[in-house]
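Okay, thanks for having me, everyone. Let me put the structure up, and then we'll walk through a few spots together.

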Amino acid sequence: FPEIELDLRFTDANLDLLAEGIDLAIRLAPAPEGDLISTRLRRTIYHVVAAPAYIKARGRPTDPQDLRKHDCLRMPLPGRDGSWHFRTGLGEEVHVPVSGAVTISSPLALRAAARAGLGPALLADWLIADDLVEGRLVTLLTGWEVTATGFDTGAWALYPSRTYMPARLRAMLDFLKSHMRAAS
């Protein structure tokens with residue numbers, strides 16, 4: 001589709017798509033609410049990870065509550081209490097308030113800090129897949145689902161209306177759906 005022009009705006013702010021003239025937004029979040037049409041492009045699974053050097057120096061947590069004794073790497077999330085939420089296969093939930101000296105607003109920088117051995121971090125599967133394969137990071141607390149927001153998180157395509165959908169938007173949605181689902 002050589003006629004399609006992309007204007008990418010990287011922000012965590014919830015922009016008014018109609019007022020800004022934006023055809024499509026991609027949000028990494030729990031299921032969106034509101035007037036926009038949303039389509040989940042892929043589910044996000046989070047992992048608590050740390051570098052092997054960190055585990056060697058500080059020990060490996062065996063229970064979510066053990067994280068209270070660790071200097072966790074955190075990401076600021078507006079309206080959240082700073083807890084990481086764990087769920088067993090039986091649906092039991094445990095909320096663990098985590099603390100740490102380092103708070104980073106960029107997932108890429110948070111991953112780099114975890115790789116450097118600065119502490120455990122909560123990161124998305126698609127961001128750390130190569131790190132896990134290559135051994136730069138190790139998953140902690142396997143057997144638990146974990147999130148900082150909600151267990152229905154994912155990458156969501158948001159757009160204003162189904163009534164009028166420009167061909168460029170349909171083409172982009174089809175492309176994203178096929179490529180993001182194939183990667184998950």
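Predicted model: local features only at pLDDT ≥ 70, side-chain atom pairs only at ≥ 80, totals over all residues.

Residues are numbered from 1 along each chain as its sequence is written, and side-chain values use heavy atoms, leaving out hydrogens and water.

Which residue forms an aromatic pair with tryptophan 144? The count comes to one aromatic pair, and phenylalanine 86 is the partner, edge-to-face, at 6.1 Å centre to centre with 90 degrees between the planes. Ring centres have to lie within 6.5 Å, with Trp represented by its six-membered ring; planes under 30 degrees apart are stacked, over 60 edge-to-face, and the rest tilted. The two sit 58 residues apart, with phenylalanine 86 in strand E5 and tryptophan 144 in the loop between strand E9 (138-140) and E10. Strands here are DSSP runs of at least two residues, numbered from the N terminus. Phenylalanine 86, by the way, is buried, at 1% relative accessibility.

Now the sheet: it's open, three strands, ordered E6-E5-E10, with antiparallel pairing. Pairing takes at least two DSSP bridges. E6 (93-97) and E10 (145-147) stand at the edges with a single partner strand each, so one side of each has no neighbour in the sheet. Three bridges join E5 to E10, and arginine 87 has glutamate 145 as its bridge partner in E10.

Conventions: Helix = DSSP H or I, 4+ residues; strand = E, 2+ residues; numbered from the N terminus. Buried < 20%, exposed > 50% of the residue type's maximum accessible area, 1.4 Å probe, protein only.
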